[in-house]
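Dear colleague,

Please find below the structure that I am handing over to you.

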Amino acid sequence: MTQIIKGGNLPLSGEPMRVAVVRRSGGAEVPKVDAAALLVDADGKVRDRGDLVFYNQPEHAGSGIRLLGEAQGEDGVVADWLEIDPGRIEASVERVVVAASCDGGTFGEVEGLYVRAVSATTGAQLALYAVEDATTETAILLGEFYRRNGGWKFRAVGQGYDSGLPALATDFGFSASEDEADDETGDEGEYAPEVVPEASVAAPAPVPAPAPAPVPAPASVPAPTPTPTPTPAPAPAPALVAVDKADVPVPYSGAPMAAPLPRLNALPAEFGPEFPYFEYQGEGKEDVETGLTLPRGFLAVDVVKKGAGHLDIVTLTIRKRRWRQVMRSRMVDLRGVGVLHHDGQSPLRLRIDTRGRWMIRLRPVSTLRAFDGPVEGYGPDVLAYTGDETGVRFRFEGDEDKKGYFGVAAHRKGGHWEYRFSRRDRGRGKGDLPRGPRLLVVEADGAWSMEPRAGGGGGFWSRSGR
């Protein structure tokens, strides 16, 4: 039997194969799905950026693995096809990982997702794995072809990522930094995928392999609890003060601190509730029972942490289990902004895990800075974006050693998100943003800047060239 379940594996003959990532399109509202492959060495890492085959880099020169394009079938079923010949794969490559990413939603919204390998010469099915447990993932490691005792085998993996193809690729040691180190030489080229001749791709029926087709030239890489009654204050909202003013920890207080703050952006009202802000203070690891049940939506979280040491803030379930990440940072004397998505049903619970004193402040996302021109920041931040699709120039100065991580993720209403840019260490790059409204969540270990630029696309992860 060639159909296997998650975690299962099958031996292969080593013959040339066509590999399809199949799903039901379901119309314009269903996320766009793309196939990808990573070539991985014995250390479980890619050797360089050329070891990723995807929509902007459709062929691997050394091993002949190539992305053929998309085939439309009956009943709204579609497949992306890869061509893999194990006999041509370089000896230093131990595994070929087949993955998929989606744009504009999550794999929980994609019907009938499976990966299928067939013989390139006879069309006989070699392996099939159907994904049945996808939820919030925006990228999935579907399966892998790997060497074993002089031959090849296929393993069904089904590991999901909530942060898109860039995060999946980073787990395998991939970095686009080399490509994006300097964006002053002009826009990178664009890749228009070749359309493979129409084939039947109804899930989970067998998918005939497409006829061989010319390969496009590689692109240039480029709960409800009453809400506390607000206490209006005639004076302006107090500034966010450092938590090192007292010699002992200050217990957190659930009292609202001021009248509602002024709106600073054009985010729609349904993006997050309006409320007076609330401050909480403490020291070390602590679970904060806020007692707040606000309407469903996003909340901004200001964070001040004194001293060195790792900071981790998450929301908790009613059983005090970790639920959603709010902020994670290793910065010293941190002042930053994070975001959380509240379900509007259960009282909000937070876990702050760090050393030393800290303070957090909850406020509406309507008070976030708008990204409508050049912006600068230091450390984690959240911006509001309500414009059209646009290109963006990014710059990251890094920490005191000119190192660290910088990433920007775009969150849409409902809590779904995907990375739009990421890099390690100091440097520049460019990417694009989808049409707003979105929250742009910045992860950074140092100083950074963002600036809109004319047009869209152009970055290594940009999808606008498709």
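Which strand gives the most to the lining of the largest pocket? In this predicted model, that strand is S17, with eight residues.

The largest pocket holds about 1200 Å³ of space. It is lined by 42 residues, and those closest to its centre are Gln325, Arg328, Trp417, Tyr419 and Glu443. Two or more lining residues come from each of helix H1 (164-171), strand S17 (322-329), strand S18 (334-342), S24, S25 and S27. By type, the lining comprises 19 nonpolar, 14 polar and nine charged residues.

The second largest pocket has a volume of about 250 Å³. Of its 15 lining residues, Trp323, His341, His342, Asp343 and Ser346 are the closest to the centre. Strand S16 (311-316), S17 and S18 each supply at least two residues of this lining, and S18 provides the largest share, with three. Six of the lining residues are nonpolar, five are polar and four are charged.

I also draw your attention to a sheet. Four strands form an open sheet in the order S22-S27-S24-S25, with antiparallel pairing. Strands S22 (381-385) and S25 (417-424) stand at the edges with a single partner strand each, so one side of each has no neighbour in the sheet. From one strand to the next, the twist averages 15°. Within this sheet, strand S24 (residues 405-411) and strand S27 (residues 438-444) pair in the antiparallel sense over six bridges. Phe406 has Ala444 in S27 as its bridge partner.

Yours sincerely

Conventions
Residues are numbered from 1 along each chain as its sequence is written. This is a predicted model: local features need pLDDT of at least 70, side-chain atom pairs count only at pLDDT 80 or more; totals for chains, interfaces and linings use all residues. Side-chain values use heavy atoms; hydrogens and water are left out. Two strands pair if DSSP finds at least two bridges between them. Axes are lines fitted to C-alpha atoms, for helices over the stretch in contact, and angles run from 0 to 180 degrees between N-to-C directions. On a 1 Å grid over the protein atoms alone, a cavity is a set of points where a 1.4 Å probe fits but cannot get out, and a pocket is an open set with protein on both sides within 12 Å along at least five of seven lines; lining residues have an atom within 4 Å of a point. Grid points are joined across faces, edges and corners, and a volume is the space filled by probe spheres set on the points. Ala, Val, Leu, Ile, Met, Phe, Trp, Tyr, Cys and Pro count as nonpolar, Asp, Glu, Lys and Arg as charged, and the others, Gly among them, as polar.
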